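Good morning, colleagues. Please have the sequence and the model open while I speak.

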Amino acid sequence: MKKILFAASECVPFIKTGGLADVVGSLPKEFQSEYFDCRVVIPKYAGIKEKFKEQMEFVTSFYMDLNWRDQYVGVFKCVLDGITFYFIDNEEHFGGDKPYAGMPWDLEKFAFFSKAVLSILPLIDFRPDVIHCHDWQTGLVPVYLNERFQGNEFYHGIKTVMTIHNLKFQGVWGMDAMKSITGLSDYYFTPDKLEFKGDGNYLKGGLVYADAITTVSNTYAEEIKTPFYGEGLDGLMQARAKDLRGIVNGIDYTDYNPSTDAMIVKNYTEKSFRRDKKANKTALQKKLGLEVDAKKMMIGIVSRLTDQKGFDLIAYMMEELCQDDIQLVVLGTGDEKYENMFRHFAWKYDKKVAANIFYSEELSHQIYAACDAFLMPSLFEPCGLSQLMSLRYGTVPIVRETGGLKDTVQPYNEYEGTGTGFSFANYNAHEMLGTVRYAERIYYDKKRDWNKIVDRAMTADFSWGASAQQYQELYDWLIG
């Protein structure tokens with residue numbers, strides 16, 4: 001049996017700030033248990049709910065050197081849905097109420113975590129064939145494995161995979177501080193290793209030393225080889241092109257299922273959505289104080305309100321959009337300028353625009369179920385999960401052709417009768433508005449065609465099964 005260890009800074013259901021947690025929590029359950037023993041290790045944050053802490057059992061503890069001092073490492077574990085999860089305990093590093101404290105505090109926290117991940121392995125009696133590292137917080141795992149562990153027979157031959165969930169975040173800081181924190185010698189701080197524009201870079205270290213690199217969609221894997229998307233690492237991505245592959249994320253089809261979702265007003269399937277989906281729309285219109293009209297086209301947005309997500313395009317066109325025969329429902333928080341922009345339009349067009357400047361899991365499900373279309377005009381999007389959720393709920397995505405959006409939303413072709421959504425290529429506000437208006441025209445004037453788009457969207461399969469198969473092939477290739 002092949003042994004895989006996922007190392008990450010967050011994981012559902014224990015702790016979550018973004019899509020990374022969904023991947024780390026969902027993917028291990030999809031592997032065939034007769035071939036793969038897949039386990040997960042994350043920090044034991046103070047913010048983990050009590051009900052999970054009560055299920056954890058103490059395994060062992062020891063002291064480990066880091067930053068020229070010995071630090072306590074506690075190891076706990078619990079089994080959930082057949083998967084063994086390990087938790088690395090140290091109150092100094094993981095005692096805050098949130099997983100991340102920002103730089104430079106996170107540097108020491110995740111250097112400690114990366115080294116502890118390797119140090120605990122003989123003590124938990126688990127020697128993985130592959131350690132699958134996620135994002136910059138675990139970038140030092142392949143580096144430490146090379147630097148001090150590989151010489152020990154126990155560790156010899158362990159392979160590493162580095163997955164980039166978003167290349168924008170790299171763990172960059174001053175080189176002297178990073179040397180002091182990590183205890184790595186000058187040898188590792190050269191331009192072909194951790195050095196980056198005069199600083200040190202955790203993610204770069206992981207990408208240099210990992211045996212294989214993945215990212216979360218095929219298109220993004222190509223994009224990050226270019227200067228615009230490469231965030232300064234495009235040269236390294238080109239150099240490692242043969243070891244880089246894109247595997248699109250999935251979503252949990254039990255959590256996101258319109259036929260069983262307890263958070264929505266009326267359940268529906270691909271067979272019954274024509275009749276039942278609109279009950280969710282009118283319920284949401286009432287709840288949010290919009291004009292109640294089941295025939296009115298409703299467009300949803302559930303997102304962090306940041307430049308990356310294309311909100312400057314929306315801000316530029318918002319007044320024009322509000323002249324159309326639509327309603328717009330927004331859920332999310334982020335940059336103050338976008339929060340206030342949506343609040344302003346919700347005040348000015350109170351029957352057409354609802355601005356919910358907070359986050360609610362329940363309301364997000366209700367928006368996916370109620371809306372006719374879902375707007376996601378991202379500047380870049382490594383994978384994106386919202387468009388997968390909207391497809392699942394028969395809410396037609398309107399996206400920009402970048403990263404995972406390009407890979408998962410097939411643009412509507414009215415001549416061939418194909419497609420699961422609408423898309424535009426250039427990062428241009430007028431092009432976005434033109435695409436939204438094209439979608440409006442199909443919705444109002446060609447309802448049968450619209451319903452067929454919804455049919456195709458709901459039957460598209462973006463569950464974790466297909467992704468898991470590709471990861472299994474990668475592990476098999478690595479282990480040989």
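Predicted model: local features only at pLDDT ≥ 70, side-chain atom pairs only at ≥ 80, totals over all residues.

Residues are numbered from 1 along each chain as its sequence is written, and side-chain values use heavy atoms, with hydrogens and water left out.

Let us begin with helix α11, residues 273–288, and helix α14, residues 361–370, which pack at an angle of about 130° with their axes 8 Å apart. Angles run from 0 to 180 degrees between N-to-C directions. The contact (heavy atoms within 4.5 Å) includes Lys277 and Leu284 of α11 and Glu362 and Tyr368 of α14. Its residues divide into six nonpolar, two polar and four charged.

Helix α14 also holds Ser364. Is Ser364 buried or exposed? Ser364 is buried, with a relative accessible area of 1%; buried means under 20%, with a 1.4 Å probe and protein chains only. The side chain of Ser364 reaches the backbone oxygen of Glu361 at 2.7 Å. Not counting residues up to four places away in sequence, Ser364 touches Val302, Leu331 and Tyr359.

Finally, helix α17, residues 429–445, packs with helix α18, residues 447–459, at about 110°, with axes 5 Å apart. That angle makes α17 roughly perpendicular to α18. Among the residues in contact are Tyr443 of α17 and Trp450 of α18.

Key
Helix = DSSP H or I, 4+ residues; strand = E, 2+ residues; numbered from the N terminus. Nonpolar A, V, L, I, M, F, W, Y, C, P; charged D, E, K, R; others polar. Buried < 20%, exposed > 50% of the residue type's maximum accessible area, 1.4 Å probe, protein only. Polar contact = N/O pair within 3.5 Å; in protein donor to acceptor, adjacent residues only side chain to side chain. Parallel < 35°, antiparallel > 145°, perpendicular 65-115°, else oblique.
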